[in-house]
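Please open the model in your viewer and keep the selection panel at hand. The stops below say what to select next and what is there.

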Amino acid sequence: MKRILTLLMCGVVSMASAQQNEIVLKGKQLYGDMRARHIGPALMSGRVIDLEGHPTNDRILYVGSAGGGVWKSANGGASFQPIFDDHAQSIGKVKLDPKDPDNTIWVGTGEIWTRNSVSVGDGLYKSSDGGVNWEKKGFENSERIASIEIHPENTNTMYVGVLGALWNDNEERGVFKSEDGGETWDNILYIDGTTGCSDVIMDPNNPDILYASMWEFRRTGWSFNSGGNNSALYKSTDAGKTWNKIHNGFPEGKLGRIAIAVAPSNSNILYSVLETEDEKKRGLYKSLDAGQNWELLNSDFGLVVRPFYFSRIVVDPQNPDVVAKGGLFGSISRDGGKTFRNLGFMHADIHDFYFDKKNSDRMYVGTDGGAYRSLDGGTSMERVANLPISQFYQISLDNEEPYNVYGGLQDNGSWYGPSSSPGGVEARDWNVVGVGDGFRVLRHPTKKILYSEMQGAANVWRYDMERLSTKTVQPLQVKGYDKLRFNWNAPMAISEKQPDRFYMGSQYLHRSEDMGATWEIISPDLTTNDKSKQNQSESGGLSVDNSGAENHCTIFTIAESPLNEDVIWVGTDDGNIQVTKDGGKSWSNVTTNLTGVPANTWVYHIEASVHGEGTAYAVLEGHTSGDKNPYTLKTTDYGQTWKSIVTDDIYGFARNIQEDYENEDLLFLGTEFGLYITIDGGKNWSRFENNMPPVAVHFIDLHKKTNDLVLGTHGRGVIIIDDISPLRQLTQEALAADVHFFETAPAIISEQSTFGGTASEMEFVGGNKSNDA
């Protein structure tokens, strides 16, 4: 039962004076008290890249995440708080000053486990007040910082290992040294524009001894190459003045990514895992003489799998025979590397470890599903329950009250949960509706049915939410057509006019009129069909890695016009924009009409407008070719002409756009570094910063009833900005007026049950929409 109280509301905007020129507001002036709220989830957390502990206070621990920033725990990892919310959220390394660990913290941005979906960083940061304030200390073009080492006695002497750009050559990579506390830097080990520093390690007992693993690598939108003649392991004994390869005992031929670790209690003992040209020579190598000689000790699959993604070795600070290695399930040895066993049950894909310096039975592990801690040396693992760093690829909404948010997560399946819940949105409120890497989840407009998918459309499920039953409904191979090519993030769409109509894209557009039971192909190959970009079986370099993540020449976005079901837009990952005005009988390739966009730039999203049948927005994204500029264009004539609506206000490449359903000039743009909003059709943009970090926004949806803007972020879960309708009224006339009274909807006071709040203080609980009038 609800009691509805209607209150007469008015908001007032007062302007000092109206100018003759157009009035432009930015930031707080524009957004006022509008604030984002975060609903998680943390039940399915996100990828943890780096773990760093305090040298003397075992209650303090830091987590560096793939896309959700830096988090600090002051209670031994039981709970965490974010401390880096004003800066790039993709983290490579966190390091504490050894002489001032309470105050001086260094953060290198840019994830270093170089999968296809990684976010990017923008430099090195320093805090001198325990993480309250941060200052950038260079490396703006580094993209990915892998290591930070600080001299234990003279902390002005520092070393930074820069992995560098993933998708293109760049000069800012290798090993850098500073002797003035990070004010200036010298590149003391540089190979070339394709080879970066995967690790730089300081001997804990002699700070003049350094080890550096250099890695030659390159990723494109359709391939990955790990390894080459320039990959090598180097050692310096004179604080980086000179370097020598230490390969005695390594096999001949090319090397790939090299993991390296020094035993803190005996720095003559080194461990290294090699990616080698000869598959039989891959494995764990050990040196007992500080790298002069190496011996292949163990070639277990768990040690050598996917070296680009798992290249971290950590040695127990007290016992040089206890070694942990990242991998699918994580491996630990207690006999100096001779034998390994898996760690206790936790999320797969293990990236980092941290042993308590005084009690190594107490350890922490970073995974694709968040952080875990153990009190028994890794035999049993406990998940940290309040790290809401989940990584959404796509989200969608339904019309329930409160409405639900649906979406797919990186390596965490597909889920849905309520936008609000009694006591807040808790872990128990989320429901799993898919496995694998989750991508799109779409609710049927009129039935209790949804569609979800896993990577590459290997499975697409039609899920009956009442009967809890599933049926696989993905399009299958059709005789007479080329082998179907589905993107790793395969597109799905539902018709607004015909609720049972369901679209999917391979290189063809597939349409079903019966919720996926049967399919027809309604297009020719809409991609460039470039055969040179279809050799995925050879991708990976020294270690072939054909996961489907590099599938290319595929459809990536589908948009049916909400005004005319026969108008359908398709965008491809190899740069084509195609449109049909007759339901797929004929197609027009309008790509050549784009202006200011390099050829073959990925078409990431097309938004078919409610304001005109021939109106659409296209967001193109070129970072997979090294182009980090934003490209967003608008057409009003079915793609015959396009106009860019991007300005210099926007920082970072863009992935998604959402138009307002009432005011055509109000647009929302999701970028690699946060959310941007324009109220004048793209003439001016302003980043939304009210409780909104500069996290990668992969998808945006606008709820038509509540006017809530819902963001699927790749690092901070679901973020909601409640009721954006006041922004619709910010016209030049309203801004120029001395006083403007906003039209406001009636406030509703709900008498729904407040039963809830079952989560402990160590669990993340998402905030509810405010009930204030």
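Select Trp602 to begin: in this predicted model, Trp602 has a relative accessible area of 12% and is therefore buried, the cut-off being under 20%. The ring centres of Phe556 and Trp602 are 5.3 Å apart and their planes stand at 90 degrees, so the pair is edge-to-face. Colour strand S45 (residues 555-560), which holds Phe556, and strand S49 (residues 602-608), which holds Trp602; the pair therefore ties together parts that are 46 residues apart in sequence.

A search of the whole structure finds 25 aromatic pairs. Another of interest is Tyr451 with Phe502, whose ring centres are 3.9 Å apart with planes at 15 degrees, so this pair is stacked. Because Tyr451 lies in strand S37 (residues 449-453) and Phe502 in strand S41 (residues 502-505), the contact ties together parts that are 51 residues apart in sequence. Both Tyr451 and Phe502 are buried.

Strand S42 (residues 509-512) runs antiparallel to S43 and is joined to it by two bridges; here Arg511 stands opposite Glu520 in S43.

Next, select Trp215, Phe217, Phe224, Phe308, Tyr309 and Phe310, which form one aromatic cluster. Finish with two lysines: Lys533 lies over the face of Trp222, at 4.5 Å from the ring centre, and Lys581 lies over the face of Tyr638, at 4.5 Å from the ring centre.

Note on methods. Residues numbered from 1 in each chain as written. Predicted model: local features only at pLDDT ≥ 70, side-chain atom pairs only at ≥ 80, totals over all residues. Heavy atoms only, no water. Pairing = 2+ DSSP bridges. Helix = DSSP H or I, 4+ residues; strand = E, 2+ residues; numbered from the N terminus. Phe/Tyr/Trp six-rings, centres within 6.5 Å; stacked < 30°, edge-to-face > 60°. Buried < 20%, exposed > 50% of the residue type's maximum accessible area, 1.4 Å probe, protein only. Lys NZ or Arg CZ within 6 Å of the ring centre and 35° of its normal.
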